[in-house]
Amino acid sequence: MAGRELTLVQSVTDALRAEMRNDDSIIVLGEDVGANGGVFRATDGLQKEFGEERVLDTPLSENGIIGTAIGMALYGLKAVPEIQFLDFIYPGFDQIVNELAKFRYRSGGQYTPNVTIRAPYGGGIKGGHYHSQSTEAYFAHTAGLKVVVPSNPYDTKGLLIASIRDPDPVMFLEPKRIYRAIKAEVPEEAYTVPIGKAAVAQEGEQVTVVAYGAMLHVALQAAQKAKEKGVSCEVLDLRTLVPLDEDTFLTSVKKTGRLVVVHEAQRTAGFGAELAAIAAEKAIDSLEAPIVRVAGFDTPFPYTLENLYLPDVPRVMDAIQRVVGY
Amino acid sequence: MTPKLLQVVREDGGIEAALEPKLSEGQLRELYKYMLMVRMMDERGMLLQRQGRLGFYISAEGQEAVHVGAGYAMEPDDWYYAHYRDPGVALMRGVSFQQVFHQLYGNAEDAIHGRQMPNHFSWKEQNVVSLSSPLATQIVQATGTAYGLKYRKDRRVVMASFGDGSTSEPDFHAGLNFAGVWKVPVVFLCNNNQWAISVPMSKQTASEGIAVKAIAYGMEGIRVDGNDVLAVYRAAKEAVDRARAGQGPTLIEAVTYRMGPHSSSDDASRYTPKEELEAWRRKDPLVRFEAYLERKGFWDAAWVEQLREGLKNDLQEAVKRAEAVPKPPLSSMFQDVFAEETPQLRAQREDLKRTHPEVE
């Protein structure tokens, strides 16, 4: 099992390359994904290896990219469109929520488009409102879509390949803030990490801290600080929002009796609300403190003050201390 | 810039002999049969809705020649992205009235398990793609499928059908723009029936018709009399042949008229000028084609009588049987969301059982 150190964004490319070598039905399409290899270089070198027929620079139109990807997939191809920033996806929203997510259901299982939409999401890159949003809740709220958010290079490759092989439509949201922040060993061959399975990123006893994507690293740092103060945190990396791994989540909450949810998406009706509701519905007897959400604010995403908008270690620490001291 | 209106059979019944497609008597009768099937099915559907037996219906009255002519120009295995006013393509490909009425009633025999409103069909065996209510979404999907055909060197072509209102949607622009750039085998069929519910063409676009828009996408635009089934057939055949030969997409504007309301929920008398409707009624595509058949010596009153009688019986039988079939099982509500039921859906289904034990 040959491995080498890759960043998260290199792992995206590596997943696409490995799977495209295995399967000539995979088509990558999007803005600047060809000659330029994507604005984040996530598709770097793919057009050179697989040709312009399989790695397409499309006209600049998100509804066009997603709509044509659906049409390719209805024909039997596996389409992997890239939306340059999650913030730009809205012209294609109708094609995602009303078409892609609904084809299987509305056709009685006749038409089952296999589309994996890749989109970098989240703040922390000085991108202002239109290059920073974290709107996973829109998609988690849509029947018929799976939502996957990796947090490290190994999972990125395994989850992306699993998403491409999965017969259902998948929103694959990439934490661009940590595209190059961490390197980890990634096997050269194709492998999968199962969709719908959370990971215990760090075991602990007193508080469950749930996060995904870029925020996992903030949660881990906060857990480290908490440890220095004598508080033992269990950190969960959700990896998949839909379908949610409720078993791993509830097992941890029941074990620790305290829950802190961290996400950079805005607070109201964010995915943390769903997690809090599930904990309240199914683990109320185990809870020893109120659930606390550490989230982005109900403001548009700010440019200059983004570091105050994004959950950081002091805010997560504060939440941990509040639930432990309750 | 607006292309000349293509007509084969003029409104006065005269024939442009040089443009007449080479179709046998049998084929011409078939075209008539499919148009009549749609007309009679629609009459029955609207009647059942008015009687309170069907929840909703969308009729294609007045527009039969557009999709019947275009559908006839394709091979049966070509891909057809339908909208909700073109049921004749599925019928000519072998979908039965019975299958249609099971869908209209959303019963347990419905191929899509009662999951969509009437007229929102999905016929995979006949290569007629599942349709939705939001407009123009199928146009850009059709371009994607055409890309797939080209990529796989598949000889089939794609046709996407839509109305004049859809041409204002972003998916119309994206679909045609991508198709022009990719030069893929797709035919865009605009059923210009002059009205988008209550909004006339003059408020939809300032361009002279729809066909002219093709120029901006680098493809040919054809403007055809949509009440002349032979003209539509001719235009579509040309476009389909061109697509199959690798010469790229075409936009066809079939100029027609919606002789009824938008749907059974609409009252067109609120906005349609009466004289306009009367003028178009005189251009009824079935009447025009009857006159043509007569002129060719192919009109056979006994054949038509028999045809009508047969279709009437088939419709009656289809309705009777569809009305006798129960609703889909409650558990079907939870199926086909994903390939496999998720733990959440399973839990929700189980939960429903607590108050509704009939859920299996």
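Student: What average pLDDT does chain B have, and how many of the residues score at least 70?

Tutor: In this predicted model, chain B averages a pLDDT of 96, and 100% of the residues score at least 70, where pLDDT is the predictor's confidence in each residue, from 0 to 100. Local features need pLDDT of at least 70, and side-chain atom pairs count only at pLDDT 80 or more, whereas totals for chains, interfaces and linings use all residues. Residues are numbered from 1 along each chain as its sequence is written, chains are lettered from A in the order in which they are written, and side-chain values use heavy atoms, with hydrogens and water left out.

Student: Why is α5(B) called largely enclosed by the rest of the structure?

Tutor: Buried means under 20% relative accessible area, exposed over 50%, and partly exposed in between (1.4 Å probe, protein chains only); 14 of the 15 residues of α5(B) are buried, so this helix is largely enclosed.

Student: What makes the meeting of Asp24(A) and Arg152(B) a salt bridge?

Tutor: The term requires a side-chain nitrogen of Lys or Arg within 4 Å of a carboxyl oxygen of Asp or Glu; the side chains of Asp24(A) and Arg152(B) meet at 3.1 Å, N to O, and the count between chain A and chain B is one salt bridge.

Student: How many residues does the contact take from chain A and from chain B?

Tutor: With contact meaning heavy atoms within 4.5 Å, 44 residues come from chain A and 46 residues from chain B.

How values were computed. Helix = DSSP H or I, 4+ residues; strand = E, 2+ residues; numbered from the N terminus.
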